[in-house]
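I opened this notebook to record what I looked up in one structure. The entries run from the whole chain to single residues.

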Amino acid sequence: MTEYADRVERVEPSATLAVSNLASELEAQGEDVVDLSVGEPDFPTPENVVEAAEDALEAGHTGYAPSNGIPELKEAIASKLNDDGLPYEASNVIVTPGAKQALFETFQALVDDGDEVVLLDPAWVSYEAMAKIAGGDLTRVNLAPHDFQLEPALDELADAVSDETNLLVVNSPSNPSGAVYSRAAMEGVRDLAVDHDITVISDEIYQHINYGAEHVSLGALDGMFERTVTVNGFSKAYSMTGWRLGYLAAPEDTVSQAGKVHSHSVSSATNFVQHAGVEALRHTDEAVTEMVEAFEERRDHLVELLAEHGVDVSVPEGAFYMLLPVDEDDQTWCTNALEDAHVATVPGSAFGTPGYARVSYAASKDRIEEAVERLAAEGYL
């Protein structure tokens, strides 16, 4: 009988995948499912980015790329980060096949057996899995009682961390809550990280999907450059989910260690896709603004529709997710809502916050209206 590694056995399958599988089964049976479970913009990739990829293909950029990324893209990323107040150079960057790979490499490089990893709940589902695969032990700080904001939970975070804490993960704007953490919150993180010598992952994948709140990059704060790994990518802001392009930026020692994982696993991000990434960074501000404005309209529309049914929610300041308060057994609620109303959402317990369902409003206003109508008709609101 085959025996499997402990690092895999201690990880649960993705809850989002389970929802997706059930939704696919219903659709295969001919049912119309309103899928509000996916974290994927419903816009096409901007045309100039597609053209840049086509040009790169025609120019023959189909071979292996330098492992850490083509020089032009690394320079463009460093320039973008400099504009954010982050003093990275191209040598501080690893280009990866998606931001998820950047996170995975970071966990592998920084976390050893028994190391403490602190998560801020609700936390994206894969942080826990990545920490466990690396052998880390989890400590979780619940932000739900504080309207999903970090600033009022700083005392609780201070109680949770210590000199034994190895890694803290901060994701702002947040998946799944859409919360954007304030400057005071980030400065509080900085103070704790410096006091206890903690490395911090700053996951900024939703940076540009922001509805007016100040975006603060942790690595730009005094004392944080040398202890921060900044992770970002192209999937969300540029509607490039299937292109699989992301990056991490960190001190050169961290890049050296994470680069070992990178070179021995994925080798490099796809060559011609990296050329498209250069175009995305340099010439798509207008397209990004249009998408963000559409997401904000959808957010406001969804909040209004829910209010009409007496449902109050924490209004997201960024990303394109909202946490809907549901039954304490959110897993059952989500399963039944999918089976009865044919509306797909993700249970909050998958993010460490039971009693909620994550709703993605990266869907048309018509489909959002249809989802709310179905949930109300079946008694789920």
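The entries below concern a predicted model.

**Entry 1: the whole chain**

I began with the secondary structure and found 13 helices and 12 strands in the chain. I then looked up the extent of the chain, whose C-alpha trace spans about 55 × 55 × 55 Å along its principal axes. For a chain of 381 residues, a compact globule would have a radius of gyration near 21 Å; the value here is 20 Å, so the two agree.

I noted next that 55% of the 381 residues are buried. The accessible surface comes to about 16,000 Å², and carbon and sulfur atoms account for 44% of that area. I also looked at contacts between residues at least 6 apart in sequence: 76% of them join residues at least 24 apart.

**Entry 2: the nonpolar cores**

Which residues touch the most other members of the largest nonpolar core? In this core of 90 residues, I found them to be Leu73, Phe107, Phe234, Leu248, Phe320 and Trp333. Helix 11 (residues 285-308) supplies the largest share of the core, seven residues. I also recorded a second, separate core of 29 residues, with Ala153, Tyr181, Ala185 and Ile198 among them. In soluble globular proteins, nonpolar side chains tend to be buried together.

Apart from neighbours within four places in sequence, Leu73 is in contact with Val95, Phe234, Leu245, Gln274, Gly277, Val278 and Leu281.

**Entry 3: helix 3**

Helix 3 covers residues 47-58, which is 12 residues. From first C-alpha to last, helix 3 reaches 16 Å, close to the 16 Å expected at 1.5 Å a residue.

Where do the buried residues of helix 3 lie, seen down its axis? The residues concerned are Val49, Ala52, Ala53 and Ala56. They fall within an arc of 100°, and therefore line one face of helix 3. An α-helix has 3.6 residues a turn, so residues three or four places apart point the same way. The cover over the buried residues of helix 3 includes helix 10 (271-283). Just after helix 3, I noted that Gly60 takes a positive phi of about 90°.

**Entry 4: helix 6**

In helix 6 (residues 125-133), I listed Val125, Ser126, Tyr127, Met130 and Ala131 as buried. What do these residues pack against? I found helix 5 (99-110), strand 3 (116-121), strand 4, strand 5 (165-171) and strand 6 (199-203). Gly135 follows helix 6 and has a positive phi, near 95°.

**Entry 5: two loop residues**

I turned to Leu86, in the loop between helix 4 (71-83) and strand 2 (93-96). Is Leu86 buried or exposed? Its relative accessibility is 1%, so Leu86 counts as buried. Not counting residues up to four places away in sequence, Leu86 touches Leu81, Ser217, Gly219, Ala220 and Thr230. I also looked up Leu86 and Asp300, which are 214 residues apart in sequence and 32 Å apart in space, C-alpha to C-alpha.

Ala153 lies in the loop between strand 4 (137-142) and helix 7 (154-160). With a relative accessible area of 0%, Ala153 is buried. Residues up to four places away in sequence aside, Ala153 touches Leu143 and His146. Ala153 and Val313 are 160 residues apart in sequence, and their C-alpha atoms are 19 Å apart in space.

How values were computed. Residues numbered from 1 in each chain as written. Predicted model: local features only at pLDDT ≥ 70, side-chain atom pairs only at ≥ 80, totals over all residues. Heavy atoms only, no water. Helix = DSSP H or I, 4+ residues; strand = E, 2+ residues; numbered from the N terminus. Expected span 1.5 Å × (residues − 1). Buried < 20%, exposed > 50% of the residue type's maximum accessible area, 1.4 Å probe, protein only. Arc of directions from axis to C-beta. Contact = heavy atoms within 4.5 Å. Core = buried A, V, L, I, M, F, W, Y, C linked by side-chain atoms within 4.5 Å. Rg over C-alpha atoms; globule rule 2.2 N^0.38 Å. Areas by Shrake-Rupley, 256 points an atom, 1.4 Å probe, with all protein chains shown as cover.
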